[in-house]
Amino acid sequence: MPGITLIVSGTPDAALTNRLMTEISNLTCRVLKKDLERCAMIVQYQPRDQWFIAGQSLVEHGKNAIRLEVTITDETNTKAEKAEYHRQAFAVLEDIIGNLHPHANIHIIDCRASAYGYGGVTQEEYSFRKMIA
């Protein structure tokens, strides 16, 4: 179950939010081989004058930024898959948002199966239940 949080510089925009949700959810499920039915995503906006990189606001840089965090169960993806996700996600976000600061970042968070879950069930327990079913 990927948990996805995307923070985008700028002001809320419903059409942009929907496009970002669709593109990033689908990309995450395709590249990291996850089930879209178990994917949860939050899209938030942060004003450019309140986002700082290297001590200057994005307004001063004349740039946009994103912070994409994807939480996955540890050991479910290879280093190569995660590297490919970084490349493709940055390219998609650059295409949709444009003018991204080079320090806009993506963070894939590997969580132990015993510490991560949903619906009151850890991923470890979910996998065990799936095995014996």
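A polar contact here is a pair of N or O atoms within 3.5 Å; within protein, one must be able to donate a hydrogen and the other to accept it, and residues adjacent in sequence count only if both atoms are side-chain atoms. By that rule, the side chains of Asn 64 and Arg 48 are joined by a polar contact of 3.3 Å. Before going on, note that this is a predicted model, where local features need pLDDT of at least 70, side-chain atom pairs count only at pLDDT 80 or more, and totals for chains, interfaces and linings use all residues. Residues are numbered from 1 along each chain as its sequence is written, and side-chain values use heavy atoms, with hydrogens and water left out.

Back to Asn 64. You'll find Asn 64 in the loop between helix H2 (58–61) and strand E5; helices (H or I, at least four residues) and strands (E, at least two) are DSSP runs, numbered from the N terminus. Asn 64 counts as buried because its relative accessibility is 16%; buried means under 20% relative accessible area, exposed over 50%, and partly exposed in between (1.4 Å probe, protein chains only). The Asn 64 side chain also reaches the backbone oxygen of Gly 98 at 2.9 Å.

Now for the sheet. It is open, with 4 strands in the order E2-E1-E5-E6 and mixed pairing; two strands pair if DSSP finds at least two bridges between them. Strands E2 (40–46) and E6 (105–111) sit at the edges, each pairing on one side only. Strand E5 (residues 66–73) pairs with E6 in the parallel sense over 7 bridges, and Thr 73 has Cys 111 in E6 as its bridge partner.

Helix H3 (residues 79–97) lies across E1, E5 and E6, running at about 140° to E6. Axes are lines fitted to C-alpha atoms, for helices over the stretch in contact (heavy atoms within 4.5 Å), and angles run from 0 to 180 degrees between N-to-C directions.

What about charges? The structure holds 5 salt bridges, each a side-chain nitrogen of Lys or Arg within 4 Å of a carboxyl oxygen of Asp or Glu. One of them links Asp 110 and Lys 82, with the closest N and O atoms 2.8 Å apart. Asp 110 lies in strand E6 and Lys 82 in helix H3, so this pair ties together parts that are 28 residues apart in sequence. Lys 82 is buried, at 17% relative accessible area, whereas Asp 110 is partly exposed at 31%.
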